[in-house]
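I opened the model to look up its sheets and a few of their residues. My entries follow in the order of looking.

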Amino acid sequence: MPCEDLHATLADHAAHRAHPVAPPHPCACPVRVLADRPDGTVVRHGHLVVKAHAPDAGPALHARLTAAASPGLAGIVLRPLAGTPVETSGRQLTCWPYGTPVDPAAPGAAPWEETATLLARLHQAPPSVLGQAPPPARGPEKAVRALARLRNSPLRGAARNAVLAAGAAASVPQARTGPAVCHGDLHLGQLVRAPEPGGGWVLIDVDDMGLGDPLWDLARPAAWFACGLMAPEDWVRFLTAYREAGGTAAGPPGEEWRQLDGPARALTAQIAAQALVKAEQAARPLDEDESAFVDACARMAPLPRGPALDAAT
């Protein structure tokens, strides 16, 4: 479906859910596209949003939506609006309340402690919230896919080679804890303030949520810190809040990098690969943050090869 047609379909569906009975006057609700990517398109209409999930969302999406609506994840993950997904042109559409996102223009106000606390609570949730056949958390899969897209792209050169080599060299240790409920794609864009009065921060976007190694949820902040994009004091705040909320994936203070080094390297390579592909497709140079991840891969590439992401080379 062309993107314009998909946007119109989402807008119509959102308007119907927002106003089951047609308003007497033209609707004055704000309507805009919040995200438009191959893995998800989101349109806002006033107090709600409609998401078109990736074509490969499959039956696992039902388990993820059921988990998001369960009491076991209340106050951790944004609860979807009632109603089964609607399918159109091979895409499943779901409805959610609109929550206020993190302000990207105010990095100093990023809710690091709240993010860490939500992760710790998620990692302690009973796996049963995901049903009898829990889907896997898709963090490792996303890393492999990003590197495969770079490898198969027309891009050539030293940056590409360094990122692929860094991804191949990232060795991920065995989890120090058993499988846990994981978000699968944590970043600050995955948090919103719950829409009810006085609502706190909650996680959104359950498309990659599942059972897996909780280290992968900590790996992106670790990669940001290692690449110089997260202040040391923010990293300390994040880890401290995670541990104080009962999170155990990082191990005791002073030992976190024994666990996080490999996953952080894998996420660095993933982010760098995504950046190179997007920049090549848009015929633009890398921005400052993207360059930081690619430069980190150039420093990582000579390290010994590990087993974790060999499938990506």
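**Entry 1**

I began with strand E4 (residues 86–88), which pairs with E5 in the antiparallel sense over 3 bridges. Two strands pair if DSSP finds at least two bridges between them. The model is predicted: local features need pLDDT of at least 70, side-chain atom pairs count only at pLDDT 80 or more, and totals for chains, interfaces and linings use all residues. Residues are numbered from 1 along each chain as its sequence is written, and side-chain values use heavy atoms, with hydrogens and water left out.

I noted that Glu-87 stands opposite Gln-92 in E5. E4 and E5 form a hairpin with 2 residues between them. In its turn, Ser-89 has a positive phi of about 50°.

**Entry 2: the sheet around E5**

I then followed E5 to its other partner. Strand E3 (residues 48–53) pairs with E5 over 5 bridges, also in the antiparallel sense, and Lys-51 stands opposite Thr-94 in E5. Of the 7 residues of E5, 6 are buried (under 20% relative accessible area; exposed is over 50%, partly exposed in between, with a 1.4 Å probe and protein chains only).

What is the order of the strands in this open sheet? I read E1-E2-E3-E5-E4, 5 strands with antiparallel pairing. E1 and E4 are the edge strands, each pairing on one side only. Neighbouring strands are turned by 25° against each other on average, direction ignored; the axes are lines fitted to C-alpha atoms, for helices over the stretch in contact, and angles run from 0 to 180 degrees between N-to-C directions. At the E1 end, E1 and E2 pair in the antiparallel sense over 6 bridges. Arg-37 has Gly-40 in E2 as its bridge partner.

**Entry 3: Arg-91**

I looked up Arg-91, which is found in strand E5 (residues 91–97). Which side chain of opposite charge is nearest to Arg-91? It is Asp-36, 6.6 Å away, and Arg-91 is buried yet has no salt bridge (a side-chain nitrogen of Lys or Arg within 4 Å of a carboxyl oxygen of Asp or Glu). For charge, Lys and Arg count as positive and Asp and Glu as negative; His and the chain ends are not counted.

The side chain of Arg-91 does reach the backbone oxygen of Ala-52, at 3.3 Å. Not counting residues up to four places away in sequence, Arg-91 touches residues including Leu-6, Arg-37, Gly-40, His-53 and Val-86 (contact means heavy atoms within 4.5 Å).

**Entry 4: Asp-39**

Asp-39 sits in the loop between strand E1 (31–37) and strand E2 (40–45). I find Asp-39 partly exposed, with a relative accessible area of 37%. Its C-alpha atom is separated by 4.4 Å from that of Ala-54, 15 residues apart along the chain. Asp-39 touches His-53, Ala-54 and Lys-142, with residues up to four places away in sequence not counted.

**Entry 5: the 3-stranded sheet**

Another open sheet has 3 strands in the order E6-E8-E9, with antiparallel pairing. Strand E6 (100–101) and strand E9 (201–203) are at the edges with a single partner strand each, so one side of each has no neighbour in the sheet. E6 is joined to strand E8 (residues 191–193) by 2 bridges, and the bridge partner of Thr-100 in E8 is Arg-193. Helix H3 (residues 112–123) lies across E8 and E9, running at about 50° to E9.

Conventions. Helix = DSSP H or I, 4+ residues; strand = E, 2+ residues; numbered from the N terminus. Polar contact = N/O pair within 3.5 Å; in protein donor to acceptor, adjacent residues only side chain to side chain.
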